[in-house]
Amino acid sequence: MEQNMEAEGNRSGVATYIIEAFVALLILILGLTVAYQAVQLGHRWGTDGPGSGYFPFYIGVILSICSAVVLFQALFGKSKNTEIFVDSEQLKRVLTVLIPAAIFVGSIEFLGMYVANAIYIALFMIILGKNSIIKSVLVGLGTQTVFFLAFEVWFKVPLYKGSLDLLGFLGY
């Protein structure tokens with residue numbers, strides 16, 4: 001128990017209440033934006049029923065009120081959560097998954113689902129899984145071959161091939 005408290009005392013990072021306040025502020029901005037746009041659409045009840053912005057307006061208002069309460073509690077509440085939200089080691093572990101995932105999502109536009117997935121799986125296995133290159137490439141290609149057959153051939157549901165259309169030679 002004492003070791004755990006010492007380890008907690010040595011951690012450095014951003015306090016949880018600051019992260020709570022930041023997220024509440026983002027949601028407050030989102031709620032205000034939704035409410036403002038709903039007013040532009042027409043948020044009143046007309047002779048023929050609710051305007052197109054009626055329900056979005058009230059959703060935006062509810063979001064804004066709730067996030068304002070959370071923001072106030074996070075900054076001025078009596079029981080601020082001053083524990084470290086995430087330390088540098090935890091953040092590093094999250095980013096080792098988040099950054100490649102973001103690159104993967106961005107690459108889908110150019111490479112398409114199948115090629116981007118195959119590369120993502122193979123690189124993930126090589127870099128994070130410490131697997132051999134041959135095994136990783138085979139698993140990446142194998143899984144995407146199965147997905148290609150399932151979606152394109154059997155179910156006749158084409159997935160996005162990307163602007164480069166690297167699989168165009170297959171005729172699908």
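Which helix do the buried residues of α4 pack against? The legends below take up this predicted model view by view.

**View 1. The buried residues of α4 pack against α5 (133–154).** Buried positions in α4 include Phe-104, Ser-107, Ile-108 and Gly-112. Further along, Tyr-114, Val-115, Ala-116, Asn-117 and Ala-118 are also buried.

**View 2. Helix α4 is kinked by about 120°.** The kink is centred on Leu-111. The helix covers residues 88–127, which makes 40 residues. A straight helix would reach 58 Å at 1.5 Å a residue. The end C-alpha atoms of α4 are only 20 Å apart.

**View 3. Asp-87 sits at the start of α4.** One of its side-chain oxygens comes to within 3.1 Å of a backbone nitrogen. That nitrogen belongs to Glu-89.

**View 4. The largest nonpolar core has 5 residues.** They are Ala-21, Ala-24, Leu-28, Leu-71 and Ala-74. The largest share, 3 residues, comes from α2. Leu-71 touches Ala-21, Ala-24, Leu-25 and Leu-28, leaving aside residues up to four places away in sequence.

**View 5. The whole protein has 5 helices and 4 strands.** Along the sequence they run α-β-α-β-β-α-β-α-α. The radius of gyration is 24 Å, while the globule rule gives 16 Å for 172 residues, so the protein is more spread out than a compact globule. Its C-alpha atoms fill a box of roughly 70 × 60 × 25 Å along the principal axes. Buried residues make up 24% of the 172 residues.

Definitions and conventions. Residues numbered from 1 in each chain as written. Predicted model: local features only at pLDDT ≥ 70, side-chain atom pairs only at ≥ 80, totals over all residues. Heavy atoms only, no water. Helix = DSSP H or I, 4+ residues; strand = E, 2+ residues; numbered from the N terminus. Expected span 1.5 Å × (residues − 1). Bend = angle between axes of the 7 residues up to and from the residue. Buried < 20%, exposed > 50% of the residue type's maximum accessible area, 1.4 Å probe, protein only. Contact = heavy atoms within 4.5 Å. Polar contact = N/O pair within 3.5 Å; in protein donor to acceptor, adjacent residues only side chain to side chain. Core = buried A, V, L, I, M, F, W, Y, C linked by side-chain atoms within 4.5 Å. Rg over C-alpha atoms; globule rule 2.2 N^0.38 Å.
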